Every structure is written in structure tokens, then in C-alpha cells.
Amino acid sequence: MTDPTTAPAVAAPAGGGAPDAVAAPPGTPAVEIRGVDKTFDTRSGLVPALDGIDLTVAEGEFVSLIGPSGCGKSTLMRLIADLDEPTSGEVRVFGKTARQARRDQDYGIAFQQAGLLPWRTVAANVALPLELHGVASASRRDRVAELLEMVGLADFADRYPDQLSGGMQQRVAIARALAERPRLLLMDEPFGALDEMTREKMQAELVRICAETGAAVVFVTHSIPEAVFLSDRVVVMSPRPGRIQQVVSMQLGADASRTEALREERAFFEMVTVVREALHGAPAGGARGVETR
Ligand SMILES: Nc1ncnc2c1ncn2[C@@H]1O[C@H](COP(=O)(O)OP(=O)(O)O)[C@@H](O)[C@H]1O
Ligand SMILES: [Mg+2]
């Protein structure tokens, strides 16, 4: 289908080495969610978690999901990652079924807990997915060194997780999620457990990593400023059953302008206000937004 004389080889990762899944034609969305409902059948009855979700995440796009606790954000992430199945509707990842994308390791996952193996060093934790997929040890070593450099942990390769701060552990988890150069990252409140300063630093790291790798990201957060700082679009959800209330496009200028200075700019505050109003359905007044839970 792809004409090799005109199609740019944007999907090919630099460096080579790791075996790559067959690339979808350029322009194929990273994630397509169509008419998705999810109802849990529990002992106390049916729990409708998601209702009529339609969402497309483009290649290289950063989309955040924000909304009150229980509105189905994690459920939606689990459907994309094929950790659960929709009751109805369809989820596609790079044009494939969610099941196939999972088999092909098309994405990296980083959830709220870093989930590192305590008996493995930092380097060995990051190497794990490469090991599991039979990447030769020399390429593995090179790739791990590159990843630790990227997340600023080159000097900590031989440490164990319990010798690192929470923020450093999260960076290890992110390096691990990036190990196979996924074109999609699924992140469910990955910075939720971090203090504010570490959190802002990690946001800046993530912006840089996305710019370097061109990965699309679906990112769950409770923090409006975090969503605004990171995203191309912010999806505002409402609870019971979870629905998409509004999709807000961030108007903050080029990627290059996502620096610390952005947090002080008028455009940033304006977007924070727009998202807050979308969440509360009206001008915010004294409300502090959902990050207070
Ligand atoms: N495995 C499950 N069984 C039953 N109910 C569930 C399950 N997972 C989630 N839910 C329910 O679905 C709703 C959405 O949950 P969740 O996706 O975790 O919300 P969020 O991540 O936005 O806080 C909640 O009412 C929750 O109790
Ligand atoms: Mg959740």
C-alpha cells in the first residue's frame, strides 16, 4: 500500500538493532477508540464505567485524560493496553487490534507505581524488556546506556531501586518503557507519587524525551497544570458513566516553547483556566481543580 518513492521513512527508529514490528502506513493514528462502552459486572450489580467513548490519538501526539476519580481513565488505559476488553466498540492501536498491538509490543507502559524489580540493578531493570525479546547482550548494553543517559541516570546504572528516590525510580520505569523505542507510551498517573518539584522536572524530561523519540503519549493525570504543560490536547471526562465531556486543544505555541518559562506565561494560565472550566462546567470561582482530589 505504501509507495516507497514518496513515503517518508519516519517510522524507522535510528540506530536499528532491535527487531521492529511492521510499520503501519504513515498517518495511521496511534490510537483509535470508536464507540467504546465498558460495564463491569460486579457482585453488587452492573457498574457502567465508560459510555460512548470516541477518541483518536495521532502519531506523535500527546493527549492527556483528566477527570474526577472513578470517571474511567484507568479503565480506558487498560482497554488500550489490552489488559481488559470493551463491552462494546473497538480499540485499535496503529491500525491493529489492541490484542495484536500488545503482542507486537507496540507501546511502553508506565503506571503510577514504578514497578521495578528490587533484586535487579537499574541497568538490569531497564534491560528486562530487551532481554525478554531476545536482544543480543551487546546491543542491549548499548541501548541501556543510551536510555539511562536520556533520563539522566547514567551514573546510577549499578544501583538497586531501593537506593533511589521516588523520582529516580519513576525515571527508571520510563527508561524501561522506552527501551524498545515504542511509538506510543501509555502513562497512568506516572508522577502521582512525586513531590511537586520532582514532578515538574519529570514533566520537562518527558517533553524532551517525546521530542527526541516522536512517541505519541496517552497520559492520565489529576493535575490541570501538568496536563496543560505536556499536552497537545486535553480530554476532559465526566463520571458515572465516564464520558468525554470536552476535548481542549492547547494553544501554547511550538514544542520548543515547552520550557520552564512556559509555566509563568499568560497563555499557560489561560489554558489552565479553559481546562478547569471544562471540568467544572462553569467558571471555576474558588475551585482548585481536581488535583486536590
Ligand atoms: N475491575 C473492576 N471491577 C469492577 N468495577 C471496576 C473495575 N475497575 C474499575 N471499576 C469501576 O469503574 C469505574 C472507573 O474506574 P477507573 O477506571 O479506575 O477510574 P479512574 O482511573 O478515572 O479513577 C469506577 O466506578 C470503578 O469502581
Ligand atoms: Mg485511575
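## Starting at Ile80

Leaving out neighbours within four places in sequence, Ile80 is in contact with Val31, Val91, Val93, Ala98, Leu186 and Val218. Contact here means that two residues have their C-beta atoms, placed from the backbone, within 7 Å. Bear in mind that this is a predicted model, where local features need pLDDT of at least 70, side-chain atom pairs count only at pLDDT 80 or more, and totals for chains, interfaces and linings use all residues. Residues are numbered from 1 along each chain as its sequence is written, while chains are lettered from A and ligands numbered from 1 in the order in which they are written.

## The chain as a whole

The chain holds eight helices and ten strands. These are DSSP runs numbered from the N terminus, with helices (H or I) of at least four residues and strands (E) of at least two. Of the 293 residues in the chain, 38% are buried. A residue is called buried if 20 or more other C-beta atoms lie within 10 Å of its own, exposed if 12 or fewer, and partly exposed in between, with C-beta atoms placed from the backbone.

Among contacts with a separation of 6 or more, 70% link residues 24 or more positions apart.

## The nonpolar core

The largest nonpolar core has 76 residues, and Ile80, Val93, Val126, Leu186, Val218 and Val275 touch the most other members. Helix H5 (residues 166-178) gives the most to this core, with six residues. The core also draws at least three residues from each of domain 1 (27-107 + 183-281) and domain 2 (116-181). For the terms: a nonpolar core is a set of buried Ala, Val, Leu, Ile, Met, Phe, Trp, Tyr and Cys residues joined through C-beta atoms within 7 Å, and the domain bounds come from an automatic or database domain assignment. As background, nonpolar side chains in soluble globular proteins tend to be buried together.

## Helix H3 and its two partners

Helix H3 (residues 122-132) packs with H5 at an angle of about 30 degrees, with their axes 7 Å apart. Axes are lines fitted to C-alpha atoms, for helices over the stretch in contact, and angles run from 0 to 180 degrees between N-to-C directions. H3 and H5 are therefore roughly parallel to each other; the cut-offs are under 35 degrees for roughly parallel, over 145 for roughly antiparallel, 65 to 115 for roughly perpendicular, and oblique for the rest. Their crossing is right-handed, a label used if the near helix is turned clockwise from the far one by less than a right angle, with anticlockwise giving left-handed. On the H3 side, Val122, Asn125, Val126, Leu128 and Pro129 meet Val172, Ala175 and Arg176 of H5.

H3 also packs with helix H4 (residues 137-150), at an angle of about 125 degrees and with the axes 9 Å apart. That angle makes H3 oblique to H4, and the crossing is again right-handed. Val122, Ala123, Val126, Ala127, Leu130 and Glu131 of H3 make the contact with Arg140, Arg143, Val144, Leu147 and Leu148 of H4.

## Helix H5 and what it touches

H5 and helix H6 (residues 196-213) pack at an angle of about 15 degrees, with their axes 11 Å apart, so they count as roughly parallel. Their crossing is right-handed. Here Gly167, Gln170, Arg171 and Leu178 in H5 meet Thr198, Met202, Glu205, Ile209 and Thr213 in H6.

Gln170 of H5 is buried, because it has 26 C-beta neighbours inside 10 Å. Beyond four places in sequence, Gln170 is in contact with Ala114, Pro190, Phe191, Leu194 and Met202. Gly166, also placed in H5, is partly exposed, with 14 other C-beta atoms within 10 Å. Not counting residues up to four places away in sequence, Gly166 touches Ala193 and Leu194.

Most residues other than glycine have a negative phi, and most peptide bonds are trans. Phe94 has a positive phi, near 50 degrees, and sits in the loop between strand S4 (88-93) and strand S5 (96-97). Phe94 is buried, with 24 other C-beta atoms within 10 Å. Gln105 also has a positive phi, of about 55 degrees, in the loop between helix H2 (98-103) and strand S6 (108-110). Gln105 is partly exposed, with 17 other C-beta atoms within 10 Å.

The peptide bond from Arg240 to Pro241 is cis, with omega near -15 degrees. Pro241 lies in the loop between strand S9 (233-238) and strand S10 (243-249).
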